[in-house]
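Have the viewer open and follow along.

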Amino acid sequence: MNQKDQWIEIPEEVRDLYKIWRPTPLVRAYGLEKALDTPAHIYFKNESVSPVGSHKLNSAIAQAYYCKKEGLTNITTETGAGQWGAALSYAAKAFGLNLAVYMVKISYHQKPYRRSIMETFGAEVIASPSMSTKAGRKIITANPNYQGSLGTAISEAVELALETPNCKYTLGSVLNHVMLHQTVIGLEAEKQMEMAGEYPDVVIGCFGGGSNFSGITSPFLRHKLVTGKDIRVIAAEPASCPKLTRGQFQYDFGDEIGYTPLIPMFTLGHSFAPANIHVGGLRYHGAGSIVSQLRRDNFIEAVDIKQLDTFKAALLFAQSEGIIPAPESSHAITAAIREAEIAKEEGKAKTILFNLSGHGLIDMTAYDQYISGDLSNYDLTDEELNKTLGQLEQIIK
């Protein structure tokens, strides 16, 4: 909301907690380069080294700090794969706040240990949709077997915040302040790339609502917008939840029921029900407004990637770099590998930077299923898309 200051100072209390793990490493992926036999130089920012294993803590600490400073005692939130919920649980405990987390039901069952992490830090975790809110009861009544979405969990968390004294709702992606907090990733990477004597030709982030993507890309996009730097920026999203590649730029709600303000975004429709893929953090119907406008104005690119392709890339990355990536991060890895393969075909050197937004050590059930051949791709038809897109009021022409 600040329209006058180019830089926003990080409060000392937030810096003190950041010092536990920041700055995060910028790593040259020599092993992956060798495996691909590519002339490209591949770098990744390793956000998996945070105490909870992902980039989400960058915003969780800041939001918990500001909530505590405002005098709140309670906060609520949603979470998909559980990375945001885990991060906010840690941050809430650090600032003495009570936290209730609505976790998307499919992930609640797929990723029980991430639920355990949240509970270890003292948070209450509820599978969404639940019977504890009017929104949840309405959704369950209409579809008793529904396994939930981030939009559903947001509706329940917002409703609980409205009904709980001295409480506010916090969001882990999409909104502008979250993108701001996450730019610490790209600002560090900018300085680290300079130390390495290189500058990226391509910057890549996986994409759900836009937090880690904006975090790694925004500082570099600044150079493109202000000085005309020749750089490509790529958002890598699931083929089964393709808001940037197949969605519609439109005002839409950020949640399923319609509690939030209308947001200008690329969307699949707030009632869109994503397939039960193993990337809970990317199963969201809309994109943040800043990223959406950048996409609309062709300042960034977007690619949609199938589930099996991401796990194939994840195994190659794990075997060559020694890090098991989160399924979400594997979308960025897949896009980076494709760019490196193009560089090999063209015989051109290229510098690629992507964000490793988190590790996958609590996602091994998904890896087990992939290795045993039990995972499949989900093909989203135009007919399925049009069902939810057709419900949107045509506010933007």
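Is R22 buried or exposed? With a relative accessible area of 9%, R22 is buried. Keep in mind that this is a predicted model.

R22 has a salt-bridge partner in E47, and their closest N and O atoms are 2.9 Å apart. E47 is buried as well, with a relative accessible area of 0%. The two sit in loops: E47 in the one between strand 2 and helix 3, R22 in the one between helix 1 and strand 1, so the pair ties together parts that are 25 residues apart in sequence.

P23 belongs to the loop between helix 1 and strand 1 (26-28).

## Other salt bridges

The whole structure holds 21 salt bridges. One of them pairs D37 with K344, the closest N and O atoms being 3.6 Å apart. D37 is in the loop between helix 2 (30-36) and strand 2, while K344 is in helix 14 (residues 329-346), so this pair ties together parts that are 307 residues apart in sequence. D37 is exposed, at a relative accessible area of 53%, and K344 counts as partly exposed at 42% relative accessibility.

Next, look at R232 and E301, whose side chains meet in a salt bridge (2.8 Å, N to O). Here strand 8 (residues 232-238) provides R232 and strand 11 provides E301, so parts that are 69 residues apart in sequence get tied together. R232 is partly exposed, with a relative accessible area of 30%, and E301 counts as partly exposed too, at 31% relative accessibility.

## Two nonpolar cores

Now for the greasy parts. The largest nonpolar core has 31 residues, and L57, A60, I61, I75, L99 and M118 touch the most other members. Helix 1 (12-18), helix 3 (57-69), helix 4 (83-94), strand 4 (98-104) and strand 5 (124-128) each supply at least two residues of this core. Apart from this core lies another one, of 26 residues, with I204, I234, L282 and I352 among them.

Leaving out residues up to four places away in sequence, I75 touches C67, L88, A92, L97, N98, L99, A100, C167, K168 and T170.

Take F44 and F354: their ring centres are 5.6 Å apart and their planes are at 25 degrees, so the pair is stacked. F44 lies in strand 2 (residues 41-46) and F354 in strand 12 (residues 351-356), so this contact ties together parts that are 310 residues apart in sequence.

F354 has another partner, F317, in an edge-to-face pair with 6.0 Å centre to centre and 70 degrees between the planes. That pair links F317 in helix 13 (residues 307-321) to F354 in strand 12, 37 residues apart. Put together, ring pairs link F44, F317 and F354 into a cluster. F44 and F354 are both buried, and F317 is buried too.

Most residues other than glycine have a negative phi, and most peptide bonds are trans. P129 lies in the loop between strand 5 and helix 7 (134-142).

N166 has a positive phi, near 55 degrees, and is found in the loop between helix 8 (150-163) and strand 6 (167-169). N298 has a positive phi as well, near 65 degrees. The loop between helix 12 and strand 11 is where N298 sits, and N298 is exposed, with a relative accessible area of 61%.

## A patch and a buried lysine

F299 is found in that loop between helix 12 (289-296) and strand 11 (301-305). Together with L225 and V226, F299 makes a nonpolar surface patch of about 280 Å².

Which loop holds K111? K111 is found between helix 5 (105-110) and helix 6 (112-120), and counts as buried at 1% relative accessibility. K111 and T365 are 254 residues apart in sequence, yet 7.9 Å apart in space, C-alpha to C-alpha.

Definitions and conventions
Residues numbered from 1 in each chain as written. Predicted model: local features only at pLDDT ≥ 70, side-chain atom pairs only at ≥ 80, totals over all residues. Heavy atoms only, no water. Core = buried A, V, L, I, M, F, W, Y, C linked by side-chain atoms within 4.5 Å. Buried < 20%, exposed > 50% of the residue type's maximum accessible area, 1.4 Å probe, protein only. Helix = DSSP H or I, 4+ residues; strand = E, 2+ residues; numbered from the N terminus. Contact = heavy atoms within 4.5 Å. Patch = residues over 30% accessible without salt bridge, like charges linked within 9 Å, V, L, I, M, F, W, Y side chains within 5 Å. Areas by Shrake-Rupley, 256 points an atom, 1.4 Å probe, with all protein chains shown as cover. Salt bridge = Lys/Arg side-chain N within 4 Å of Asp/Glu carboxyl O. Phe/Tyr/Trp six-rings, centres within 6.5 Å; stacked < 30°, edge-to-face > 60°.
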